[in-house]
Amino acid sequence: MFEPLTKQIKDSKKIVIVTGAGISKESGIPTFRGSNGLWRKYDPMKLATIDAFNQNPVLVWEWYEERRANILTAKPNAGHYAISELEKYKDVTILTQNIDGLHQRAGSKTVLELHGNIIRTKCTVCNFKENLRVSFETLPPKCNCGNILRPDVVWFGEELPHDVWREAVSQAQSCDLMLIVGTSLVVSPANSLPLYAKQNGAKLIEINPEKTPISSEMNLSIRATSVESLPRLVDLVSFC
Ligand code: BJW
Ligand code: ZN
């Protein structure tokens with residue numbers, strides 16, 4: 001199953017890896033969709049929009065505090081480490097929708113965070129923005145300017161950080177191989193990145209136990225988890 005992919009990786013000049021929640025599942029961070037996904041338990045419109053936050057910042061912060069605590073104790077898994085190992089042999093850029101920072105903690109060097117980072121907090125009014133690893137005693141936490149702080153993540157209806165998005169599109173358009181790992185590819189605009197890559201002649205390879213809406217556009221779909229497939233793949237690449 002891995003042989004054709006090993007050759008494509010070996011032959012490629014520039015690899016872009018698009019990742020989503022599935023790659024962090026084995027680190028104990030739930031995905032959003034699917035049988036045990038967060039959106040089965042919670043309504044995204046009550047927790048992941050600016051309107052929801054303005055209406056009930058305490059509720060939204062309680063949800064984020066629980067997830068921040070989980071993410072702060074989570075560790076990168078074999079899938080994250082395999083990608084950082086691949087960077088020893090190939091030119092790799094990661095475009096992640098994840099807000100958990102696990103790629104960076106696994107040692108990956110070039111990571112663009114499309115949907116922000118849950119540990120970074122920003123003021124809703126002034127320019128304050130900082131990584132805050134503490135758990136807040138009073139919710140919602142306040143900035144020194146007196147206004148409410150919020151997690152520096154991208155909610156539904158909000159634009160992705162412009163510079164990050166511009167760079168992500170440029171990376172997608174200039175790679176010759178894109179690996180798409182652990183994302184359902186239902187959230188825009190991140191789900192357009194494989195199409196930008198394909199329009200510029202790149203090969204698309206998906207690693208996901210389930211089909212996605214863009215599976216038919218893939219040159220190859222590996223129906224396995226990232227922990228099952230990425231370490232074996234990177235081993236093969238490093239040996240030949
Ligand atoms: C494994 C595995 C294993 C399992 N190994 N794989 C109507 C109203 C308003 C907006 C819209 C609208 N219609 C469309 C929109 C646009 C909207 C959108 O796309 N909505 C769709 C859901 C319909 N997008 C936006 O709003 C974006 N902004 C935007 O477009 O701005 C312009 C605009 C403004 C106004 C109006 C319209 C346009 C922003 C999107 C922000 C997404 N934010 C979240 C939350 C981040 C913060 C937080 O975490 O709290 O980002 S939502 C959530 O989904 C999170 C993820 O990054 C994102 C993608 O999810 P992902 O990573 O794909 O995870 P899952 O769970 O979906 O999939 C996991 C996959 O892993 C599955 O396929 C499994 O099979 C697989 N898997 N185990 C490998 N072990
Ligand atoms: Zn402030």
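## Tyr-64 and the nonpolar cores

In this predicted model, Tyr-64 touches Leu-47, Ile-118, Pro-151, Val-153 and Trp-155, when residues up to four places away in sequence are left out of the count. Tyr-64 also belongs to the largest nonpolar core, a group of 24 residues in which Val-60, Trp-63, Tyr-64, Ile-118, Val-153 and Trp-155 touch the most other members. Helix H2 (38-41), helix H4 (50-55), H5, S4 and S6 each contribute at least two residues to this core, and H5 gives the most, with five residues.

A second, separate core is made of 23 residues, among them Leu-86, Val-92, Val-111 and Leu-233.

## The sheet and its helix

Strands of a sheet pair through backbone hydrogen bonds, in either a parallel or an antiparallel way. Here three strands form an open sheet in the order S5-S4-S6, with antiparallel pairing. Strand S5 (129-131) and strand S6 (149-153) stand at the edges, and because each has a single partner strand, one side of each is left without a neighbour in the sheet. On average, neighbouring strands of this sheet are turned by 40° against each other, direction ignored.

Strand S4 (residues 116-123) pairs with S5 over three bridges, in the antiparallel sense, and Thr-121 stands opposite Glu-130 in S5. Helix H5 (residues 57-73) packs on the sheet, where H5 touches S4 and S6, and the direction of H5 makes about 135° with that of S4.

## Cysteines

A disulfide is a covalent bond between the sulfur atoms of two cysteines. The structure holds zero disulfides. Cys-143 counts as buried because its relative accessibility is 9%, under the 20% limit, whereas Cys-145, with a relative accessible area of 38%, is partly exposed.

Key:
Residues numbered from 1 in each chain as written. Chains lettered and ligands numbered in written order. Predicted model: local features only at pLDDT ≥ 70, side-chain atom pairs only at ≥ 80, totals over all residues. Heavy atoms only, no water. Disulfide = S-S within 2.5 Å. Buried < 20%, exposed > 50% of the residue type's maximum accessible area, 1.4 Å probe, protein only. Pairing = 2+ DSSP bridges. Helix = DSSP H or I, 4+ residues; strand = E, 2+ residues; numbered from the N terminus. Axes fitted to C-alpha atoms, helices over the stretch in contact; angles between N-to-C directions. Contact = heavy atoms within 4.5 Å. Core = buried A, V, L, I, M, F, W, Y, C linked by side-chain atoms within 4.5 Å.
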